[in-house]
Amino acid sequence: MATRSILRSARLQCTRHISSSSVRCHDIVKLTSASADEMSHFNALASSWWDVNGPQRILHKMNFLRMDYINEMVKGHIKLNDNVVDDEDKVYIPPYSLDLLPKSIRTRIQQEQSARRDEILSQKKLKALDVGCGGGILAESLARLKYISSVKGIDLSTDVLEAAKLHQKLDPELSEKLQYELTAIEDLPKDEKYDLVTCFEMLEHVQYPAQVLSEVFDRVAVGGWVVLSTINRDPISWFTTIFMGEHLLRIVPVGTHTLEKYIDQQEIRNWVEGSPYQDQFAVVNARGCAYIPAYGWKFTSSADVGNYFMAIQRVK
Ligand SMILES: C[S@@+](CC[C@H](N)C(=O)[O-])C[C@H]1O[C@@H](n2cnc3c(N)ncnc32)[C@H](O)[C@@H]1O
């Protein structure tokens with residue numbers, strides 16, 4: 001028990017050193033870097049990144065669920081009636097739980113609120129940053145959203161970023177909105193603020209996740225979001241992602257994951273609450289998810305087991 005809790009807190013501390021022995025000369029080694037082994041692993045996967053039936057198919061399939069999640073968080077937390085002067089223009093917000101209302105009335109109120117949120121969202125122009133963007137599966141989808149004005153995808157793997165840039169060229173509409181940069185998060189200027197910073201399937205590959213999160217938080221605009229995904233460090237995660245995913249079903253390349261690098265969702269919550277960011281950032285939501293062969297990704301009932309998504313908002 002004691003060992004486990006030491007492990008838990010250790011995952012979010014900056015205690016390990018980075019070996020650079022097998023990093024290619026043009027890959028970048030920084031405090032927030034993944035290890036040399038991790039980077040060679042991703043470099044080798046670059047050419048097949050956009051093969052939807054290839055080694056990264058699990059990320060392609062995850063894209064549906066994560067896009068829904070990002071949209072739900074950003075849209076669902078838009079404040080209604082902000083700056084609306086005329087009462088006629090206000091959307092009705094009952095001063096009690098909607099669950100207390102008959103279903104037909106509740107549904108109508110929810111539809112009205114949703115329509116108003118869509119209207120407000122359509123006028124927004126959010127700046128997004130995708131950290132550890134890989135070949136750009138998520139970055140491209142974000143850039144196609146009407147309410148996103150620009151997306152910057154950053155990664156430390158040269159080959160993977162080349163694959164991202166090549167694929168981007170297939171859709172000329174992306175040329176203005178989407179940019180890729182071979183850069184570490186800490187090398188982006190701190191006054192470059194983003195309304196949405198995504199960090200999917202990346203924290204479980206880095207040496208110092210707390211350092212990455214701090215650098216991410218420093219670049220979020222007030223009211224902005226950090227949306228991430230990673231994996232709880234538990235036996236079920238080992239069974240599903242390593243034993244089944246890598247070795248038995250071979251849906252993920254062998255060697256992709258290391259159990260010790262997984263991070264419990266509660267560790268991130270504890271870290272945020274104990275960090276210098278505690279007054280500015282709030283963990284708004286965490287939701288478990290699982291890959292079900294022949295179906296795809298599905299939300300689960302617990303964020304404490306297996307894979308999860310998390311949404312953190314900068315409140316001030
Ligand atoms: C599993 S892939 C996920 C790619 C993408 N986020 C997605 O979900 O489609 C992990 C990516 O993170 C990148 N990565 C790992 N550590 C990184 C770091 N410290 N900074 C930036 N990128 C990193 C890897 O090069 C790789 O492209």
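Student: Is Glu204 buried or exposed?
Tutor: The structure is a predicted model, in which local features need pLDDT of at least 70 and side-chain atom pairs count only at pLDDT 80 or more, while totals for chains, interfaces and linings use all residues. Residues are numbered from 1 along each chain as its sequence is written. A residue is buried if 20 or more other C-beta atoms, placed from the backbone, lie within 10 Å of its own, exposed if 12 or fewer, and partly exposed in between. Because 25 other C-beta atoms lie within 10 Å of Glu204, this residue is buried.

Student: Where is Glu204 found?
Tutor: Helices (H or I, at least four residues) and strands (E, at least two) are DSSP runs, numbered from the N terminus. Glu204 is found in the loop between strand 4 and helix 7.

Student: Which residues does Glu204 touch, not counting those up to four places away in sequence?
Tutor: Two residues are in contact if their C-beta atoms, placed from the backbone, lie within 7 Å. Beyond the sequence neighbours up to four places away, Glu204 touches Thr230, Ile231, His257, Lys261, Tyr262 and Ile263.

Student: Which residues does the UniProt annotation "binding site" cover together with Glu204?
Tutor: The annotation comes from an unreviewed entry; UniProt positions are given in the numbering used here, feature names are shortened, and annotations may be inferred rather than shown by experiment.

Student: How many C-beta atoms lie within 10 Å of His205?
Tutor: His205 is buried. The number of other C-beta atoms within 10 Å of His205 is 22.

Student: What is the handedness of the β-α-β unit made by strand 4, helix 7 and strand 5?
Tutor: Strand 4 (residues 194-200) and strand 5 run parallel and are joined by 6 bridges, with Val197 opposite Val226 in strand 5. A crossover is right-handed if, with the strands pointing away from the viewer, the path from the first strand over the helix to the second runs clockwise. The unit of strand 4, helix 7 (residues 209-217) and strand 5 is right-handed.

Student: How many bridges pair strand 5 with strand 8?
Tutor: Two strands pair if DSSP finds at least two bridges between them. Strand 5 and strand 8 (residues 307-314) pair in the antiparallel sense, and Trp225 stands opposite Gln313 in strand 8. The number of bridges between strand 5 and strand 8 is 7.

Student: How many of the 12 residues of strand 5 are buried?
Tutor: Strand 5 spans residues 220-231 and is mostly covered. Of its 12 residues, the number buried is 9.

Student: Which residue in strand 7 is the bridge partner of Tyr291?
Tutor: Strand 6 (residues 281-292) and strand 7 run antiparallel and are joined by 4 bridges. In strand 7, the bridge partner of Tyr291 is Trp297.

Student: Within what arc do the buried residues of helix 2 fall, seen down its axis?
Tutor: The buried residues in helix 2 are Glu38, Met39, Phe42 and Leu45. They line one face of the helix because the arc, which is that of the directions from the helix axis to the C-beta atoms, within which they fall is 125 degrees.
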